[in-house]
Amino acid sequence: MNFKALMLGTALFGAGFSASALAADLTVGFSQIGSESGWRAAETTVSKSEAKKHNVTLKIADAQQKQENQIKAIRSFIAQGVDAIFLAPVVATGWDAVLKEAKEAQIPVVLLDRDIDPAGKDLYLTAVTSDSVHEGAVAGQWLVKTVGTKPCNVVELQGTVGASVATNRKKGFEEGIAGHPNVKIVRSQTGDFTRAKGKEVMESFIKAEGGGKNICAVYAHNDDMMVGAIQAMKEAGLKPGTEILTVSIDAVPDIFKAMAAGEANATVELTPNMAGPALDAVIAYKTKGTVPPKWIQTESKLYTQADNPKAVYESKKDLGY
Ligand code: GYE
């Protein structure tokens, strides 16, 4: 190594060292929604390991699905004087007052995996999310392509009422099937992103639709509700994956298990690693004053039975989600 290279290396090492030394002093409070789905549990697990990797102290508050608990947690993080706050907002509205308090305390807020009402854009630093309208559109386009010109009655299991991802995944799917009048949504109800409610609502759909005979496909806003719906279909003597098509979102291991067994057809992948990019943004902002873009978009990728679901299941199952 010549002298110049050595000097450069030292300079880089010096810069890297001081940034991570500063990062080690950062404490981030994370107001997490709860544990409604496998994806959510994975996000929590990945957040903890990402915090370790980034040398950040992460305090996680579990809101048990309640916005009021999230608001309390944010106020408590402000009182503790954390360096930044991560918020996975259970619903899109009702954040203005508490986010203004964080702003007054000069604590940057990063949204994880869900959005808030666009009116609140100046109240947070950045949002790390997927394009959830696009996710719904990908699901709808897959269905349209799969059924061709055949008539297809779809039942839809929606996510949590008022959550940005539920609104967007509905809208996106409707866009995806637009212009194909043979494909239509005949029933749509919330299953609150959980397996238990997905199963319960699917049971009522089956009853209402001639024992399931009138249903061609199920679209669920997440895989967990689909896993519940698959159970309901099997218990009613129906064959999900063949008689009734399925398409959902998240790409959790259990949906690949169902795909490998021929009982599910497609899923749109969403990374549970929202905290990694969020921590990068916060550290750069705190140590160098770098203002991140307002939206840090994560990828969405479609998986079908043609994508070796057994191998994907094997590769994902040990990640703890
Ligand atoms: O798809 C679902 C969850 O907000 C993107 O919330 C997230 C969604 C995820 O519970 O499983």
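The model is predicted, and every value below was computed from it.

The space that the ligand takes up is the largest cavity. Around this ligand lies a shell made of Glu36, Ser37, Trp39, Arg40, Asp113, Arg114, Val165, Arg169, Phe193, Asn222, Asp250 and Leu270. Sorted by class, the shell holds 6 charged, 4 nonpolar and 2 polar residues.

The shell can also be traced back to larger parts of the fold. Two helices, α2 (38-53) and α6 (164-177), each supply at least two of its residues. Domain 1 (3-129 + 272-290) and domain 2 (132-270 + 304-316) both contribute residues to the shell, and the ligand therefore lies between these two domains.

For Glu36, a polar side-chain atom is found 2.4 Å from a ligand oxygen atom. Asp113 places a polar side-chain atom 2.6 Å from an oxygen atom of the ligand, and for Arg40 the corresponding distance from a polar side-chain atom to a ligand oxygen atom is 3.0 Å. On its own, the ligand would expose 300 Å², and the protein buries 100% of that area.

Terms used: Residues numbered from 1 in each chain as written. Predicted model: local features only at pLDDT ≥ 70, side-chain atom pairs only at ≥ 80, totals over all residues. Heavy atoms only, no water. Near = heavy atom within 4 Å. Polar contact = N/O pair within 3.5 Å; in protein donor to acceptor, adjacent residues only side chain to side chain. Areas by Shrake-Rupley, 256 points an atom, 1.4 Å probe, with all protein chains shown as cover. 1 Å grid on protein atoms, 1.4 Å probe; cavity = no way out; pocket = protein on both sides within 12 Å on 5 of 7 lines; lining within 4 Å. Sits in = over half its atoms within 2 Å of the grid points. Helix = DSSP H or I, 4+ residues; strand = E, 2+ residues; numbered from the N terminus. Nonpolar A, V, L, I, M, F, W, Y, C, P; charged D, E, K, R; others polar. Domains from an automatic or database assignment.
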